[in-house]
Every structure is written in C-alpha cells, then in structure tokens.
Amino acid sequence: MSMTFDVEKLANIPTPFYYYDTNILRQTLDAINTEVSKHDNYFVHYAVKANANLKVLKLINEAGFGIDCVSGGEIEQVLKAGFPASKIVFAGVGKSDWEIELGLEKGIFCFNVESIPELEVINEIASRLNKVATVCFRINPNVGAHTHANITTGLAENKFGIDMQDMEKVIRLAQSMTNVQCKGLHFHIGSQILEMDDFIALAQRINQLQDQLEAAGIRIEMVNVGGGLGIDYDHPLENPIPPFSDYFAVYEKHLKLRPGQTVHFELGRAIVGQCGALITKVNYVKENAIKKFVIVDAGMTDLIRPALYDAHHKIINLTATHIPHSTDGQLCYDVVGPICESSDVFDKDITLPQTKRGDLLAILSAGAYGEIMASSYNCRQLPKGYTNAELLSL
Ligand code: LLP
C-alpha cells in the first residue's frame, strides 16, 4: 500500500501543512513489530527527534514502542503522548541540570552518558535527589557511515561519545560511584544509512569491545545500537517500507550476545519518514530565458532538509490534469519557496506535469526531520500537521 491523498479534503486546509498517512505509519510499525517479535530481547525506542507530533507519537506508543529522547522538552512531550517513563532512553552530549533532574524524577529507563564530566554531574544530582541513575555509555566506535557528512556521528572527529579505549576506565569509575548504575553500552554511527555493511561494521566493533571488557572482568546487561536505517527518497510511493528484515538480520547474525543481554534500537527516520508529506500550493509559475520556476507557498522554513543537506525529496503534483503514466505534457521545473535565501529550493530540473497557479504539490518522504525542524524565519508561521483521520472530520 502506498501513501494516499484525498485531494478534495486536502484542498480545504490552509497551506503549507504536513499530512500524515496513518495507514502507512501503522504498516511500518507492524513491519517492525513482526521482526522484533522474533526475539524476546530486542526493544525499539523511537527516536522522537525525527517527529514529535502528538498524533504520530500516540500511534507509536499504541504499537508498544519505547522512546529515545535528547532533551527535557522531548521527555515532557512523550510523557504527554502517554509513553511510560520506564521506556525512555535519554541521550545528548550536553544535558542541562534541569533535564537530568527531570529524567531522575520521572524515573526514566536510562541515561546515555557521553563523557566523564556528565557522569559526575549525574551522580551528584542523583545523590542530591536520593536516586540511583541507570546509565549506558555512548561509545564512539570510530566507524564511518556512507551518508551525508553532516549526519555521520561515529567518527573520532565527531563530538559524540567516549573513545572505545577509555571504556574500561570509565566503567570502573562508574562502579565506584554510589548513585549511578552502569547497565550497558550505547552506539550510533549516523543517519540515512542504506548499506547494511555499515551496520555489520558496527556489530563487529561492539563484539570487539565486549571481548575486551569481558577479559577485564566487566559484564554488561544491554547493548544499544542506536538508529540510522535509511529510507527510499527516490521511490517513496513504490517502496514505502524500509528494509527492516535485512536490518534486524544484521544484528541477529553479526552481534555476539552474552546470555541475558538485551539489544535496544533507536530508529527515527525509518519509522516516520514515509508516512508524511508537506502539502504546498503553487503561488506562481515564472519563466526566464533558461528556466521555469514553480514558486510554492512552503519554504525552507517548513522543510529545511534540501537546503541544509542537499536532500532530495520527490515532488508530485496532486491536482494537475494529466494522463497517468504518460510523459506527454511533462515539463522541466525548479521548485522553489518564497524565503529570501537562494538556498530556498526544494528541487532543480525535475519533471512535473504542466503546473499552474493554485495546484497542490506534495513533497514526499517528509515525515522525519520535517515538521520538527521547521522555523519561523521571515516571521513565518510554523506549519501544522494533520492526519488522514482528521481530514475525514473536516
Ligand atoms: N540515536 C541517536 C543517538 C541519534 O543521534 C539519532 C539521530 C538517532 C538515534 C535516530 O537516527 P535515525 O534512525 O533517524 O537515522 N536532521 C537530519 C538527521 C539527524 C539525525 C540525528 N541523530 C536529517 O534530516 O537527515
């Protein structure tokens, strides 16, 4: 099943806005649950940084997922959506004191700790609050991922995590503290990864580290492998479900677990990416000597990925009258927004059916890192998000 658009209903909503197809989201969640249910020790924590829309979060919670937060604001939002605190993992390289206090007071599952100074502060705050903080250490595995430079995180040059060679020392330090309990290891090598070899390299690195720790007499209870599985931005309608079986099979085959160990995953994009589209209206079509521009009412303030990462999102015209599957009447356009920046371009030289003022376009695969990264630059309003269920009641 691919994403569906009820154009008549969509046309009643002021543009631009995000549209979430809950059928695609449910199908995606089911596909993950099918894989995860083959293992009683696999747990998926949805990375809420990808999309914190309450309606989306509620469906993910209903499907039984845990959650991965990176700020106090995210913790508050997921609690509002009904996630139990006991399923929250809390990561981030620069947690503020109030965020640590919030995590401790709510009783979250674990803190992913990224440095010794952070560990010391967590121990201090936990001791003041008379609590014991469960911690995992985020390790920088120095594994490169084949993805955009701005979204690789597992290299020594990146700011994230603790070096592998320091792990033994850090775990010993944690063991000597009264108000932290070390449960395991946390990794994340980057995002939009489609080459399974990258995840295999991570699994092998984890095995190496576990052997090393075991030789030093250190046993851990859990391994968190982070997220990063990518989606098909080129063919979202034909291929809406990411390759979950290949992804989980990598860990089943390559990760050497000790008895009783649990494996935790922090998928974001792969869960919500394909269920969302940014719907925008064409304000003008303008032509110069070499180009035809479709100027839409959405801009980089609504979806910043093309401007920030050179990301490609497929664009379709929902209202043009054209003969399906025919290339007759197709023209070449740049689709651009109204913001006063030359990087405010959604795509260049793409083929669309002849497009006119008032047409509705859908910018696909925008469910992840779309609505949540919107800004109010140029004093623009933040885009709202609607689900198909809400459209029915409009
Ligand atoms: N875990 C950690 C520690 C992370 O840093 C991230 C993403 C995830 C999990 C989820 O990764 P995912 O499964 O979604 O790939 N704004 C960028 C992506 C930034 C990703 C940041 N960290 C984009 O629009 O492509």
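Modeller: What follows is a short exchange on helix packing and aromatic pairs.

Modeller: This is a predicted model, in which local features need pLDDT of at least 70, side-chain atom pairs count only at pLDDT 80 or more, and totals for chains, interfaces and linings use all residues. Residues are numbered from 1 along each chain as its sequence is written, and side-chain values use heavy atoms, with hydrogens and water left out.

Colleague: Why are H4 and H5 called roughly parallel?

Modeller: The axes of helix H4 (residues 72–80) and helix H5 (residues 97–106) cross at roughly 30 degrees and come within 9 Å. Angles under 35 degrees count as roughly parallel, over 145 as roughly antiparallel, 65 to 115 as roughly perpendicular and the rest as oblique, so H4 and H5 are roughly parallel to each other.

Colleague: What makes the pair of phenylalanine 17 and tyrosine 386 edge-to-face?

Modeller: Rings of Phe, Tyr and Trp (its six-membered ring) pair if their centres lie within 6.5 Å; planes under 30 degrees apart count as stacked, over 60 as edge-to-face and the rest as tilted. Here the centres are 5.5 Å apart and the planes stand at 90 degrees, so the pair is edge-to-face. By this rule the count comes to 13 aromatic pairs.

Colleague: Why is phenylalanine 17 called buried?

Modeller: Buried means under 20% relative accessible area, exposed over 50%, partly exposed in between (1.4 Å probe, protein chains only). Phenylalanine 17 has a relative accessible area of 0%, and is therefore buried. Tyrosine 386, with 18%, is buried.

Note on methods:
Axes fitted to C-alpha atoms, helices over the stretch in contact; angles between N-to-C directions. Helix = DSSP H or I, 4+ residues; strand = E, 2+ residues; numbered from the N terminus.
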